[in-house]
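This report describes selected elements of secondary structure and the way they pack. The sequence and the model are shown first.

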Amino acid sequence: MALQELLQCLGQNLVLANSGEEALRCVLKGDFAVILLDARMPGVDGFETARLIRERQRSRHTPIIFITGAYEDLGSMFRGYEVGAVDYIVKPVIPEVLKSKISIFIELYAKNAALVKEIAGHKLTEQRLRESEEKLRALAGRLQSVREQEQIRIAREIHDELGQALTGLKMDLTWLVGKLWADQKPLIEKIASMFRLIDDTIHSVRKIASGLRPGVLDEAGLAAAIGWQAKDFQLRTGIRCMVNLPPESDGLDPERSTAVFRIFQEVLTNVARHANATRVDVHLRLDADLLKLQIQDNGKGITPVEIQNPKSLGILGMRERVLPFDGRIEISGIRGKGTQVAVSIPRRSN
């Protein structure tokens, strides 16, 4: 009662327990800034009570101060510290000293509670950011998939419908030429010009269809598509491409093949635009569990600042393409010696 009256001025919620058992029940119901225990109590004594308090996860770190009024209890001071006490006070209690110690623990408890709340807030924010990032990546993956499917559809329609229409038109002109007299040279020359225009249009249609979705990727696989793209790149830019490919790339699912091929196209585009290179070496390897693609040019070499530049959408796009497959892409450059891009993707999902 004296302690209770003494500590009322602190303005805190005081809980009084008349035995060790009652103290344990109180600890089970709530959290405490500090616990004052008499070393000697009826039933379960203070030492056993402290030990049981320390065994509970919820009160494992609650400060315990032992108070004793018997001189002979000084010999049991070490026992009190062994069971988890942070202090051991012998009566008569000096009010100012006790209140000062209690105030320190109350302040520590308040700061700890605020810190726990702040950490919980950070964790919640982090979780929401992670969920948002996962949703954005899922959306980006879905958009890429939809775009690829749309490009396949458009490429097929252009190749099949427009290509067939142009071929039919060419056949009609061939029939018309057979109906003309040999002395109708102006008409024959005009039809010859139309033949050339149709052939150029057919070539453009094939080029557009291949740009949207190379048929070789679906028909012959990733290795053949990379070989075709490297050859086309060399013809268009004059940059030599040395290609080392496996004899076949069967066993890869369309999604992985498409992702790697689009990364390869993006790397070649960057080489043509920025590298000032004269040669590109391409190595594709298919291990039992891993696909590895390495592209090395002999250009000016990309810098770390350029690699980490958030405005480098091409690099960001390449990184996003490997994420759905738990893949990795490593980009490095040496000034004046070129840039290397290494792509590795597991052939099967975990």
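## Basis and conventions

Helices (H or I, at least four residues) and strands (E, at least two) are DSSP runs, numbered from the N terminus. The model is predicted: local features need pLDDT of at least 70 and side-chain atom pairs count only at pLDDT 80 or more, while totals for chains, interfaces and linings use all residues. Residues are numbered from 1 along each chain as its sequence is written, and side-chain values use heavy atoms, with hydrogens and water left out.

## The five-stranded sheet

An open sheet is formed by five strands in the order E4-E5-E6-E8-E7, with mixed pairing; two strands pair if DSSP finds at least two bridges between them. Axes here are lines fitted to C-alpha atoms, for helices over the stretch in contact, and angles run from 0 to 180 degrees between N-to-C directions.

Strand E6 (residues 290-297) and strand E8 (residues 338-346) run antiparallel and are joined by seven bridges. Opposite leucine 291 stands isoleucine 345 in E8.

## Helices H9 and H11

Helix H9 (residues 254-275) lies across E6, E7, E8 and strand E5 (279-286), at about 10 degrees to E6. Helix H11 (residues 313-322) lies across E7 and E8 and runs at about 150 degrees to E7.

The axes of H9 and H11 come within 10 Å and cross at roughly 165 degrees. The two helices are therefore roughly antiparallel to each other; angles under 35 degrees count as roughly parallel, over 145 as roughly antiparallel, 65 to 115 as roughly perpendicular and the rest as oblique. Their crossing is left-handed, meaning that the near helix is turned anticlockwise from the far one by less than a right angle, whereas clockwise would be right-handed. H9 contributes Ala259, Arg262, Ile263, Glu266, Val267 and Asn270 to the contact, and H11 contributes Gly314, Met318, Arg321 and Val322, where contact means heavy atoms within 4.5 Å. By class, this contact has five nonpolar, two polar and three charged residues. Ala, Val, Leu, Ile, Met, Phe, Trp, Tyr, Cys and Pro count as nonpolar, Asp, Glu, Lys and Arg as charged, and the others, Gly among them, as polar.

## Loops with positive phi

Asparagine 276, in the loop between H9 and E5, has a positive phi of about 55 degrees although it is not a glycine. At 64% relative accessibility, asparagine 276 counts as exposed; buried means under 20% relative accessible area, exposed over 50%, and partly exposed in between (1.4 Å probe, protein chains only).

Aspartate 326 lies in the loop between H11 and E7. Aspartate 326, also not a glycine, has a positive phi of about 60 degrees, and its relative accessible area of 55% makes it exposed.

## Strands E1 and E2

Strand E1 (residues 35-38) pairs with strand E2 (residues 64-68) in the parallel sense over four bridges. Aspartate 38 has isoleucine 67 in E2 as its bridge partner. Ile35 and Leu37 form the covered face of E1, and Leu36 and Asp38 the uncovered one. In a regular strand, side chains alternate between the two faces of the sheet.

## Helix H5

Valine 116 lies in helix H5 (residues 95-179) and, at 48% relative accessibility, counts as partly exposed. The C-alpha atoms of valine 116 and aspartate 183 are separated by 98 Å, the two residues being 67 residues apart along the chain.
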